[in-house]
Amino acid sequence: MIKTICCIGAGYVGGPTMAVIALKCPDITVNVVDLSQTRIDAWNDRDLNNLPIYEPGLIEIIHKCRGRNLFFSTEVDKAIEDADAIFISVNTPTKAYGVGKGQAADLKYIELCARQIAEVATTPKIVIEKSTLPVRTAEAISNILKNTGNGVDFQVLSNPEFLAEGTAVQDLLYPDRVLIGREESKEGKKAAQTLVDIYKNWVNEDKILTTNVWSSELSKLTANAFLAQRVSSINAMSELCEVTGADVNEVAKAIGADSRIGSKFLKSSVGFGGSCFQKDILNLVYIAKSYGLKEVADYWEQVIILNNHQKRRFASNIVKTLFNTVSGKDIAILGWAFKKNTNDTRESAAIYISNELLKERAELKVFDPKVTKEQIFSDLDRLETRTEEENKSLVSVVEDPYEACENAHAVAVLTEWDEFNGYDWEKIYRSMKKPAFVFDGRALLDQEKLEEIGFATYKIGKG
Ligand code: NAD
Ligand code: UDX
């Protein structure tokens, strides 16, 4: 029986996942730990509006559980020692150096966790991979635990997380499935059952799948690859729609009605972003290559190539339409997050598109309902395309969408925030330079209405 859980990593996955476990298992103490004092302080902030991540429904759960059976701290060693089960939920970014640079997953944070667990633990532990990891990582974790530990028993399980940001709480409360990978041994099965018992508190048992560890690890990469592939497939069709006079939304509806295809993940966009899709596909490509499977690697790499093309062509379309020059022109950027209902900007298409426009010396006024000014500048500065001073002189971040659009030559809609639809577009039109353009990269707005007002419009995927 699990009485105390530790989760290493208080990020977009660790935070919400543990909050839901704490909510549904009031008898279990859940300690979420992180190296980042700033992040932990934000999780412990009295003002729940200052939590480090924004997710609909999360504040209510934190309000209920924090201080009851959910705790956030930087005391990693203590949390490890106290725990019966340890979730590893640290980041696994694309490697930025050495062998596999730009493709392989960087496992240094995972290895550090494994070594720390081995060093600290004096009682048996179930160690659960929550992070997304290359197939066969559990083997490496097991090796470290068994060879550097104090001789205590460790069972390593894989339990990948399928939540999507913006809907994390709902996805965690009502998952399509929970996947648990375990060793075939008696001990492996017993450890898996312990984890099943936790999830059974709120998930129907027929939705809890147990597999071998390698299948579980690979299923996570595969699921993300399939989802991203659908977005790239519809985005490829969006370009064809634009040149043939078709409408990609109509095509998506028509094909999605086929139950074999299904209607989800067929929304054409400026390109997918987020911390997972690109990273996990690159990792898949790397793994396939490392086994000599060139055709498999090339097949999946094409999903990324198409996504990069989609972002690039959106930016160059803006430049082309604005009479081939945007130098000195104000362009309003509505939306910086990689999708609606999150403050996460990792790999957001907005960063890439803005960068292309800035290379052409456009002046940008950015508005996003949840992303901070500091985050937006940090995203641009990290590209190292311009100095921090240059970014400051070309970009302003505003808190009012109407201010962003005032005197602008064009508006680019890059995130599908619902509130953009409710804006007074007539007022926006009146305040803009003429001709006034709207580039709708999410097919979000009512194009007919905008054109009636007087806007010249471009809607992704509409010829
Ligand atoms: P994140 O960057 O938001 O959080 C990771 C946290 O781990 C950071 O706060 C970091 O400070 C902490 N950390 C790193 N090393 C540590 C250590 N040794 N000790 C203590 N803390 C440490 O990342 P995330 O978005 O939560 O993703 C975590 C993992 O989950 C990744 O493998 C990711 O691929 C996977 N995943 C993410 C999502 C998502 O939607 N973000 C969904 C499913 C799976
Ligand atoms: C994804 C997976 O969905 C989730 O299961 C996994 O655990 C983590 O990675 P996430 O990246 O948070 O989740 O969001 P998701 O909803 O998948 O969107 C990813 C990107 O694809 C966003 O930029 C989104 O705007 C884009 N997208 C999604 C589209 O452009 N069109 C679609 O139809 C769906």
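User: A residue counts as near a molecule if one of its heavy atoms lies within 4 Å of it. Which of the 20 residues around ligand 2 come nearest?

Analyst: This is a predicted model, in which local features need pLDDT of at least 70, side-chain atom pairs count only at pLDDT 80 or more, and totals for chains, interfaces and linings use all residues. Residues are numbered from 1 along each chain as its sequence is written, and ligands are numbered from 1 in the order in which they are written. Around ligand 2 there are 20 residues, and those that come nearest are Phe162, Leu163, Lys220, Ser269 and Arg442.

User: How far is an oxygen atom of ligand 2 from an N or O atom in the side chain of Lys220?

Analyst: A polar contact is a pair of N or O atoms within 3.5 Å. Backbone atoms also take part: a polar one of Glu161 is 3.3 Å from an oxygen atom of ligand 2, and an N or O of the Leu266 backbone lies 3.3 Å from a ligand 2 oxygen. For the side chain of Lys220, the distance is 2.7 Å.

User: Why are α9 and α12 described as oblique?

Analyst: Helices are DSSP runs of H or I with at least four residues, numbered from the N terminus. Angles under 35 degrees count as roughly parallel, over 145 as roughly antiparallel, 65 to 115 as roughly perpendicular and the rest as oblique. Helix α9 (residues 213-244) and helix α12 (residues 294-321) pack with axes 9 Å apart, at an angle of about 45°. The pair is therefore oblique.

Conventions. Side-chain values use heavy atoms; hydrogens and water are left out. A polar contact is a pair of N or O atoms within 3.5 Å; within protein, one must be able to donate a hydrogen and the other to accept it, and residues adjacent in sequence count only if both atoms are side-chain atoms. Axes are lines fitted to C-alpha atoms, for helices over the stretch in contact, and angles run from 0 to 180 degrees between N-to-C directions. Helices (H or I, at least four residues) and strands (E, at least two) are DSSP runs, numbered from the N terminus.
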